[in-house]
Amino acid sequence: MSLTFLQASRRPILVAESQVAEDQLAMANLGLYERREPIALIASALIVTSMVYAMNTISMEPPAAKSNPVMVSLVELPETPSPPPPPPEPESRPNQPSPMRAQPQPSVPMPPIPQVETVPPSPAPVPVVEVPPPVLVPMDPPQTPVAMPQTPRSNPAAEGGYQARARALINRNKNYPEEALQMSMTGSVVVVYVIDRGGRLIRAEVDRSSGHSLLDQAALQAVRRTRFEPIPEDAWVALKEQVFRTRIEFDLE
């Protein structure tokens, strides 16, 4: 490509030089007769110069060679990462000493742990115990069973007889009030009383009223005037006192 450009640039120069030579020859022809000797010298000099320049130009230009097409392929190269910028150096202070770098301590190998063989303990000897022979003991004769004392039981007949006699004693000591007779008051009173085993009256009270206070008070007085018999031993056994409940009737018959 560069040789072709040089050839194209030198051709106008050759044409100009030849044109100058032709003009000079024409002018020389006009006064050729008069100036034939100087013109002849100038013309010969120009011709020689042109021939020398042409010979030099032809000898410098190499023959044009046939150029084969060259295939060029573009390969995209990977971008090389730019190295990171160096860390900024700390400002050195005149009065502050530089920090000491900790030097790595040499690693000391640990001594091997000795392996101790564990020996299982031998089993302890089992003591031999001598069992003495059995001793025969003579058997005792069978013992007769001891009779346990029986607890006394209450006699229902004795309890019923005592309650009937207590009721009869209370009715004997019953007194009908005169005011109740005049007003023809009648009714029944239920009295509750407690007697100890010696026959002593401990307390007495009205359990159910007859509706008339005169009759209720007459019933309580009848119980309190009665002298009761001692409780029999076979009645209400193991009790120190007994509660009784008796109905006392008041009527005009």
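1. In this predicted model, ring pairs join Tyr-162, Tyr-193, Phe-228, Trp-236 and Phe-244 into a cluster. Across the whole structure, a search finds six aromatic pairs.

2. One of these pairs is Tyr-176 with Phe-250: the ring centres lie 5.6 Å apart and the planes stand at 80°, over the 60 degrees required, so the pair is edge-to-face. Tyr-176 sits in the loop between H3 and helix H4 (178–182), while Phe-250 belongs to strand E3; the two are 74 residues apart, and the pair links distant parts of the chain. Both Tyr-176 and Phe-250 are buried.

3. The pair of Tyr-193 and Phe-244 has its ring centres 5.8 Å apart and its planes at 20°, so it is stacked. Because Tyr-193 lies in strand E1 and Phe-244 in strand E3, this pair ties together parts that are 51 residues apart in sequence. Tyr-193 is buried, at a relative accessible area of 1%, and Phe-244 is buried too, at 4%.

4. For Val-191, contacts beyond its neighbours within four places in sequence include Ala-219, Leu-220, Val-223, Phe-244 and Ile-248. Glu-205, Asp-207, Arg-245 and Thr-246 are also among the residues in contact with Val-191.

5. Three salt bridges are present in the structure. Arg-165 is bridged to Glu-229, with the closest N and O atoms 3.1 Å apart. This pair links distant parts of the chain, 64 residues apart: Arg-165 is in helix H3 and Glu-229 in the loop between H5 and E3. Arg-165 counts as partly exposed at 37% relative accessibility, as does Glu-229 at 35%.

6. The side chains of Arg-245 and Asp-207 also form a salt bridge, at 2.9 Å from N to O. Arg-245 is in strand E3 and Asp-207 in strand E2 (residues 201–208), 38 residues apart. Arg-245 is exposed, with a relative accessible area of 57%, whereas Asp-207 is partly exposed at 43%.

7. Arg-200 forms a salt bridge with Asp-196, the closest N and O atoms being 3.5 Å apart. Here Arg-200 is exposed at 54% relative accessible area, but Asp-196 is buried at 15%.

Technical notes: Residues numbered from 1 in each chain as written. Predicted model: local features only at pLDDT ≥ 70, side-chain atom pairs only at ≥ 80, totals over all residues. Heavy atoms only, no water. Contact = heavy atoms within 4.5 Å. Phe/Tyr/Trp six-rings, centres within 6.5 Å; stacked < 30°, edge-to-face > 60°. Helix = DSSP H or I, 4+ residues; strand = E, 2+ residues; numbered from the N terminus. Buried < 20%, exposed > 50% of the residue type's maximum accessible area, 1.4 Å probe, protein only. Salt bridge = Lys/Arg side-chain N within 4 Å of Asp/Glu carboxyl O.
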